[in-house]
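I opened my notebook to look up a few things in a structure.

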Amino acid sequence: MLYTSVAFMFLVLPVSLAAFYLTPQKYRRWLLLIISAAFYIFANIQNLPAIGILATVSVLTYFAGKLAARAGFRYFSLIALTVYTALFIAFRLMHTYVEGFSFPLGGAVWLLGGASYVIDISRKHTSPARIDDALLYMLFFPVMVAGPVVKYKDFEKYIAEAKYSINDFAAGVKLFAVGLVERMALATVLMESYELILETSNNAPNLAFGLFAILSLFLSVYFAFAGWADMGVGIARMFGIAIPRDVGGALFSYSPVMYFERIFMGLGAWLEDYVITPVMKFIRLDGKPIAKALTGALTIILIALWADFSPAVFIMASIVAAVAFVLSVTGADDLMDSKRILRPVGFFVTFFLISGLWMAGVSDSVSVLFELLSSISVVAHDHHIYYVYIVMSGGKYFISTVLALLFLPFSCYGDVILQKLPDKMRSVLEAVGVIILLALFAVTIVYCLPQYPEHAVRAFEYFVF
Amino acid sequence: MSKTKPINVVCAALFVGIILTFTFYFGITSLTDNRTAESDTVVRDMTFADFCESFYCNDELTVLADNIDYLFFKSIDSKDIILGDNNFLFDAGEHENGYNYLYDYTGNATLSGSELRAFSNILSLRQLAYENRGVEYLMVVIPNSQTVYNEYMPSYMGELSENTRLSQLSFYLEKMNYDFFFNATDVLVTAKEYGRPLYNNTEDSLNSLGEWYLYDAVRTKLEEMYGITGGLVGVSSLDLYTRSTDGKTLARRAGLESIISNETVSLSDSEYTKYTISSYYGTMVRTELTEQYSEGSDDVVLLEFTNDWDRILLMPYFSNTYSQVAYKNNHQFSGLAVDNLKPTVVVQFIHEYELYDLLDSNTLLTYNAGLGLDISSEVTSPPLLISQCSIDDHTVCVAGETEANSLITVSVDGKVVKTERAIGELFFISVDIGDSKYVRVSITAQANGKDESTPIELLLYSEKDAKEKTVAVGHNSELYSTDYAWMSFLSDDQMMAVREGLEQKISRVKQLTGKDTEYLYLIVPDKLSVYSEDATDELKEFLPTLNKYREIVKGVRESAGMTVIDLLSDMKNHTIIERLYSQTDMMWTGFGAYVGYHSLISRMSEKFDSVKVHELIDFSAVTEENVGGELVTRLGLDGAVISEKYLTLEQAYEQRARFEHSGDGAFDITRAFISYVDDDTLPVAIVMRDEYGTEMLENMADHFSKMIVLREGEFTLSDELISEIKPDYIITIRCNGELS
């Protein structure tokens with residue numbers, strides 16, 4: 001049961017919200033815990049071992065937090081990190097190789113959350129929570145399907161600052177609507193465009209369609225990740241809990257490291273805090289110039305593997321990380337920071353590298369980008385190209401791409417732009433924006449959802465969290 | 001606490017409104033749409049699955065999405081259909097025969113030199129087969145809609161290639177002076193300039209106006225080439241009207257039939273027709289101008305189509321033009337139809353996308369056979385192969401013609417794999433090709449007293465997914481049905497009930513007639529029982545079951561007091577005299593029916609002295625050629641292509657009986673009728689018959705003062721009927737008998 005499923009949107013969400021707002025404020029946290037637990041049970045109802053794993057890990061995490069607070073053991077963080085990472089890897093391997101075992105829905109996020117809880121306590125950044133707070137952190141369903149990954153010490157603050165106002169609810173609605181449009185109206189249609197071009201051209205499109213396919217995939221993956229995260233953050237906000245958005249202007253990145261810092265901000269912060277910085281300290285590189293390059297490269301590989309744990313992605317991510325490393329140690333990154341004129345070069349390099357990475361994830365093959373680039377010619381001589389013309393004729397995919405490009409600044413920088421406008425204009429634009437957004441939301445439901453039911457079943461068509 | 005913004009209130013309210021609207025809409029849909037078969041009003045419990053189904057399987061949403069795609073984006077959810085200008089849809093897919101519209105349009109599917117030669121050879125063969133029978137020939141190609149309306153193709157497709165297969169073939173054949181090959185593209189392109197549509201915009205087919213231009217061109221061609229004249233049906237005299245209908249084939253394939261309408265020109269149903277229509281050789285249709293219009297030309301035109309739609313639209317034009325027109329729905333050569341119809345000309349219509357079908361080997365074989373046997377006194381003529389078809393995954397049946405009762409030998413790589421004898425001039429031989437897709441065989445024939453023919457080479461191929469046929473090819477060209485699904489055995493209790501029912505019926509009949517009315521039950525044996533020696537091993541194994549069934553039927557009927565006449569031994573005794581059953585059908589021949597008649601009436605003559613059986617001497621024997629029977633159809637062959645000759649008997653005596661039918665149709669199985677003979681000494685009978693009884697009736701009628709014939713299963717024997725006519729006999733004629 002994903003956010004894009006009709007069962008969630010039209011049954012679970014309205015019933016949960018109605019129950020939540022009809023419940024006295026002091027009981028709402030308990031109700032949220034019950035709703036979250038129910039969500040997980042229903043979401044994994046056809047995968048009963050997952051429910052058992054989730055319950056066991058959640059309870060053990062609570063007790064591990066208590067133990068961490070008492071032990072004061074220096075390496076407790078390392079042990080916790082190792083155990084949760086090992087569980088993550090084990091579940092992913094079992095998902096791939098053990099017949100009948102499915103990776104628990106949201107498993108990647110709550111394992112990271114569990115690690116965060118134990119590490120934060122062992123580092124004395126916070127104290128052990130009450131069992132209801134600990135379980136709510138572990139099970140808080142809005143952030144569990146695809147992020148954002150929230151560290152426990154931050155979650156504590158968000159939950160303490162929970163606000164239940166119309167303004168907050170509306171802010172959540174807007175984010176949820178943005179997320180649905182991103183995920184279902186843009187990501188799916190663009191992915192379909194990518195697939196159609198490759199399939200109908202027999203993997204040999206002409207230059208224009210080849211580049212369009214790569215652009216479609218590049219945009220699609222971004223909107224897929226952004227859509228899930230925005231829907232999650234939006235739902236949390238509707239329940240009064242304000243979590244920062246997880247995606248920034250990743251598509252405007254002019255280096256691979258920048259792309260990954262912007263597309264999974266929560267995960268990036270988690271990795272930096274709990275993995276990379278301790279590792280740098282351990283190998284005594286902390287503060288040295290090469291540490292930045294190594295941090296970037298490691299971030300790329302780890303985030304890519306978190307998105308898709310496959311040999312093809314690992315190899316391609318290593319290539320991207322290597323390029324990022326070189327760009328960093330040679331100072332090219334800094335040069336682009338200081339000289340705007342060089343940024344387009346960095347943008348195109350990033351565009352092709354990241355596209356290649358996601359193409360490897362989609363097709364489970366490292367060479368797909370290179371094969372595509374090598375087969376592209378200015379004018380395709382293979383008559384398959386006519387089929388590409390047929391499927392791409394009409395405006396569906398081109399208009400979707402244009403809409404995606406127009407939606408991008410609105411989605412990323414809408415609030416910032418609005419804040420800079422005079423009050424009256426801001427109010428008018430805000431009102432128009434809301435009406436357009438909700439109209440797009442409604443169109444997405446009646447036009448896109450019925451056409452792509454598979455997205456109501458799997459979190460990602462290609463990437464498994 | 002920050003101040004609540006009005007826009008946020010609106011936003012929250014709209015969001016809740018949208019969500020709740022869908023919640024209630026799909027909730028109600030899922031509750032009401034899932035109705036049970038028992039009652040339309042039963043509402044079942046709703047589950048998440050039902051709720052999701054009401055959304056994802058919602059036809060209205062699917063249609064809405066298609067509408068949005070088409071209306072807003074001009075996109076179609078199909079890579080096989082091109083959306084052209086003026087709401088034209090063009091096929092871009094691949095035809096069953098491998099023809100690819102798109103590749104041909106762009107000139108990427110050109111014919112090789114050898115393919116062009118193959119086409120010209122095949123067209124020559126077709127023309128020659130008809131010419132040998134004194135019939136003229138014309139092949140007409142109907143172009144694809146994108147060939148005629150290529151200006152409506154989207155710009156990305158470019159111009160129509162000059163190297164399409166049709167243009168290549170036309171050019172090649174023109175150089176070779178094949179004037180009987182007529183490409184109608186130019187005619188239709190010229191006609192298009194008049195402004196009215198000639199093609200359906202959502203299907204690759206001509207409308208009534210387009211078909212008229214085609215008709216006009218063909219009529220002119222026939223007059224110019226062969227001097228065949230007929231009164232022109234002028235376009236101005238026709239009630240042609242333009243109308244919009246739901247989108248046709250291509251629109252349906254794209255799911256847009258309700259969105260893209262089909263603009264077409266139709267001929268009014270009230271259009272005056274000057275001809276009568278009758279069926280001809282099963283699937284064919286023949287029209288004849290009524291007397292007042294048939295003055296002048298008595299040309300007979302045979303039109304052959306691959307598409308019934310063309311036939312339907314062209315019929316009002318051609319049938320109002322020529323005195324006799326026959327319509328056939330395939331291009332296979334039928335010597336029988338040609339010999340009987342005696343057409344002046346055969347016109348074959350084929351679509352541009354079907355050109356490759358001209359090379360179809362099965363059709364080709366029929367023309368080969370149409371050339372006729374080359375009879376000489378010393379050497380047997382090579383067999384004429386008519387068709388081949390798969391019986392199952394590994395067995396192929398070859399059908400053909402040869403000299404009378406020749407021995408047919410099939411060899412693979414010089415090794416004889418099968419030797420069978422033909423029945424008369426027709427042979428069927430099954431060849432096991434194992435798991436091979438293709439096997440090349442050579443087939444020879446040897447007539448009695450002649451040398452063996454030169455071999456004919458044939459490539460046998462299996463259709464791996466072919467549906468298993470309910471027909472078996474036995475030894476010596478005998479065909480058998482393998483469909484015995486009708487046979488059902490009854491339990492002892494059921495048999496007891498049947499027997500008691502029959503006893504009561506017989507007793508009731510005697511009570512109603514007031515005399516010793518006799519129930520006669522005539523069992524016509526199955527072809528398998530009579531010609532068992534040539535059956536396949538599987539059928540031979542089945543034979544005891546079939547015989548057991550007949551014996552049970554016999555036992556039950558006899559024990560209930562019926563007189564049962566089992567024709568099996570009589571039939572077996574007569575097999576050496578003449579064919580009793582058709583080779584290509586399960587039915588008996590006229591001679592077989594005579595044996596049945598003789599047995600039945602002989603039995604009656606024992607009781608009634610006035611009943612005198614007509615002996616063979618009272619008949620004259622005539623050889624009849626008929627279309628192939630049901631077993632041939634089951635093999636997937638056209639009955640008009642494989643004809644069968646057998647002996648039938650014609651009355652040489654004067655028929656005493658007169659008949660009163662219920663309408664037209666003579667002894668047609670669906671009819672009930674009464675016959676009378678003015679001789680009170682003869683008995684009265686009610687006859688319940690199946691198809692087998694039909695052949696006997698004319699002869700039987702002479703032996704009853706009154707005979708009422710009813711079809712078993714369609715009419716019931718009512719008390720009123722029995723008490724009114726007081727029959728001496730109630731006769732039932734059934735193949736294999738019936739238990740229930």
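These are my notes, entry by entry.

**Entry 1: the model and chain B**

I noted at the start that this is a predicted model. I looked up the make-up of chain B. I found 21 helices and 29 strands in chain B. I then looked up the extent of chain B. Its C-alpha trace spans about 110 × 85 × 65 Å along the principal axes. How much of chain B counts as buried? I got 54% of its 740 residues.

**Entry 2: cysteines**

I reminded myself that a disulfide is a covalent bond between the sulfur atoms of two cysteines. How many disulfides does a search of the whole structure find? The count over all chains is zero.

The closest cysteine sulfur to that of Cys389(B) belongs to Cys397(B). The gap is 4.6 Å, which is too far for a bond. The cut-off I needed here is 2.5 Å between the two sulfur atoms. Is Cys389(B) buried or exposed? Cys389(B) counts as buried, at 7% relative accessibility. I also checked Cys735(B), which is buried with a relative accessible area of 15%.

**Entry 3: salt bridges**

Side chains of opposite charge can pair when their charged atoms come close. My search of the whole structure gave 35 salt bridges over all chains. I looked at three of them in turn.

The pair I took up to begin with is Lys153(A) and Asp273(A). Their closest N and O atoms are 2.9 Å apart. Why does this pair tie together parts that are 120 residues apart in sequence? Lys153(A) lies in helix H7 (residues 152-160) of chain A, and Asp273(A) lies in helix H11 (residues 265-282) of chain A, so the bridge ties together those separated parts. I checked burial as well: both Lys153(A) and Asp273(A) are buried.

Next I looked up Arg253(B) and Asp91(B). Their side chains meet in a salt bridge of 3.2 Å, N to O. This pair links distant parts of the chain, 162 residues apart. Arg253(B) sits in helix H10 (residues 249-253) of chain B. Asp91(B) sits in strand E2 (residues 89-91) of chain B. Arg253(B) counts as partly exposed at 42% relative accessibility, whereas Asp91(B) counts as buried at 10%.

Then I turned to Arg550(B) and Asp566(B). Their salt bridge has its closest N and O atoms 3.3 Å apart. Arg550(B) is in helix H16 (residues 537-559) of chain B, and Asp566(B) is in strand E22 (residues 563-566) of chain B. The two residues are 16 residues apart. Arg550(B) is buried, with a relative accessible area of 2%. Asp566(B) counts as buried too, at 17% relative accessibility.

I also found a network. Arg123(A), Lys151(A), Lys153(A) and Asp273(A) are joined into one by salt bridges that share partners.

**Entry 4: surface patches**

Which residues form a negative surface patch? I listed Asp393(B), Asp432(B), Asp435(B) and Glu468(B). I followed up Asp435(B). Asp435(B) is in the loop between strand E16 (426-432) and strand E17 (438-446) of chain B. Asp435(B) is exposed, with a relative accessible area of 77%.

I moved to chain A for a nonpolar patch. Its members are Ile89(A), Leu93(A), Met94(A), Tyr97(A) and Val98(A). Together they have about 450 Å² of accessible area. Val98(A) is found in the loop between helix H4 (76-97) and helix H5 (107-122) of chain A. Val98(A) counts as partly exposed, at 39% relative accessibility.

**Entry 5: positive phi angles**

I looked for positive phi values in residues other than glycine. Lys342(B) has a phi near 50°. The loop that holds Lys342(B) runs between helix H12 (335-341) and strand E11 (345-351) of chain B. Lys342(B) counts as exposed, at 60% relative accessibility.

Ser477(B) is not a glycine, yet its phi is positive at about 70°. Ser477(B) is in the loop between strand E19 (471-473) and strand E20 (479-481) of chain B. Is Ser477(B) buried or exposed? Ser477(B) counts as buried, at 1% relative accessibility.

Notes
Residues are numbered from 1 along each chain as its sequence is written. Chains are lettered from A and ligands numbered from 1 in the order in which they are written. This is a predicted model: local features need pLDDT of at least 70, side-chain atom pairs count only at pLDDT 80 or more; totals for chains, interfaces and linings use all residues. Side-chain values use heavy atoms; hydrogens and water are left out. Patches are made of residues with over 30% relative accessible area and no salt bridge: like charges are joined within 9 Å, nonpolar side chains (Val, Leu, Ile, Met, Phe, Trp, Tyr) within 5 Å. Accessible areas come from the Shrake-Rupley method with a 1.4 Å probe; for residues, only the protein chains shown count as cover. A salt bridge is a side-chain nitrogen of Lys or Arg within 4 Å of a carboxyl oxygen of Asp or Glu. Lys and Arg count as positive and Asp and Glu as negative; His and the chain ends are not counted. The place of a charge is taken as NZ of Lys, CZ of Arg, CG of Asp or CD of Glu. Helices (H or I, at least four residues) and strands (E, at least two) are DSSP runs, numbered from the N terminus. Buried means under 20% relative accessible area, exposed over 50%, partly exposed in between (1.4 Å probe, protein chains only).
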